[in-house]
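Biologist: Hi! Could you walk me through the aromatic rings in this one?
Modeller: Happy to, here it is.
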Amino acid sequence: MKKVLVIVIILISLGVIGYGIYYVASHDFEIEREESEHNNVELNEGVVEASEDNTVTLVKTEEIEGSFVQTYDIVINGLEKTLEVAFLYRDNTSLKEQSLTGEYNGATLYAYYEEYDKVASGFDENMIASSFNEDNFAFIRGVDGESYLMIHTNIYDDGAGEEDKLYILNENLEFVSNDLVDYTGSTSEGMSIMSTYTSYALKGDEYPWYTDTFNACASPTNCHINVKIEDEQIYYLVPVLKEVLENTDEEEEITDYGELEERVYTIDEGSLSYEVVKRYTIIGVRGFTD
């Protein structure tokens, strides 16, 4: 009886070992691993979602012959890019004013003006890095599932008509700017976050302007914020102005300059599109028409 039991145990053991050898020899573990890695694609009907690991890193700020260059490493949609902002230093000795402007691809991202008494002190890397850095960048997702880079400027109000803007760039770091106008109604590559020199009075004293989440206003006085980011959409207050001729009759008052449209923008395939959600009648303009 014991011999029979031993034989049975041996046969079972041989069977288990044989099955194990067969499974290892015939099963393709690499295919299973690949199927596991791509399982998220199948669940999303073959559409690979844009990477959540979009990052902006300020690598260095260096001085070059009195001016400066900032270098950023950008990771967007899984691609690694380099973006450089060139800062030009100027010293106007006749006005005793020194200035620094930072530009990327023709767009002014940073501007600072400062008066001095005797001799210009100049600027250094730390001053620039503390004024313009990673905090001026953000990402937004388009309806196409791709990520886009946003840059909001830091423009010092010197009374000369500078304004903060929001720029949108694709993964090739090119401006996405179709159909955009600024706060004066002129064609622009960026959205006017806040204008320092143009303001509108609206019929019924309506006040549609947004909260200053960009820290664009130096003071709450005349602080009209035109841009809001919400749920991967960009809300933008855009003036659509009429051509108002100079009035020869001093008693006749202009009461309709056009409309201020509240538009909601989305991004798809590298282009902007919008719908108008509300319109306001402009009854007064201050700034560039004065």
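Biologist: Let's start with Phe123: buried or exposed?
Modeller: Phe123 is buried, with a relative accessible area of 14%; buried means under 20%, exposed over 50% and partly exposed in between, with a 1.4 Å probe and protein chains only. One caution: this is a predicted model, where local features need pLDDT of at least 70, side-chain atom pairs count only at pLDDT 80 or more, and totals for chains, interfaces and linings use all residues. Residues are numbered from 1 along each chain as its sequence is written, and side-chain values use heavy atoms, leaving out hydrogens and water.
Biologist: And how many aromatic pairs are there?
Modeller: The whole structure has 13 aromatic pairs. Phe, Tyr and Trp rings (the six-membered one for Trp) pair if their centres lie within 6.5 Å; planes under 30 degrees apart are stacked, over 60 edge-to-face, the rest tilted. One of the pairs is Tyr112 and Phe123, edge-to-face at 5.8 Å centre to centre and 80 degrees between the planes.
Biologist: What about Tyr236 and Tyr265, how are they arranged?
Modeller: Tyr236 and Tyr265 make a tilted pair, 6.2 Å centre to centre with 50 degrees between the planes. Tyr236 is in strand β13 (residues 233-241) and Tyr265 in strand β14 (residues 258-268), so the pair ties together parts 29 residues apart in sequence. Strands here are DSSP runs of E, at least two residues, numbered from the N terminus.
Biologist: Are those two tyrosines buried or exposed?
Modeller: Tyr236 and Tyr265 are both buried.
Biologist: Switching topic, which residues form the aromatic cluster?
Modeller: Tyr72, Phe87, Tyr110, Phe132 and Phe137 form one cluster.

Terms used
Helices (H or I, at least four residues) and strands (E, at least two) are DSSP runs, numbered from the N terminus.
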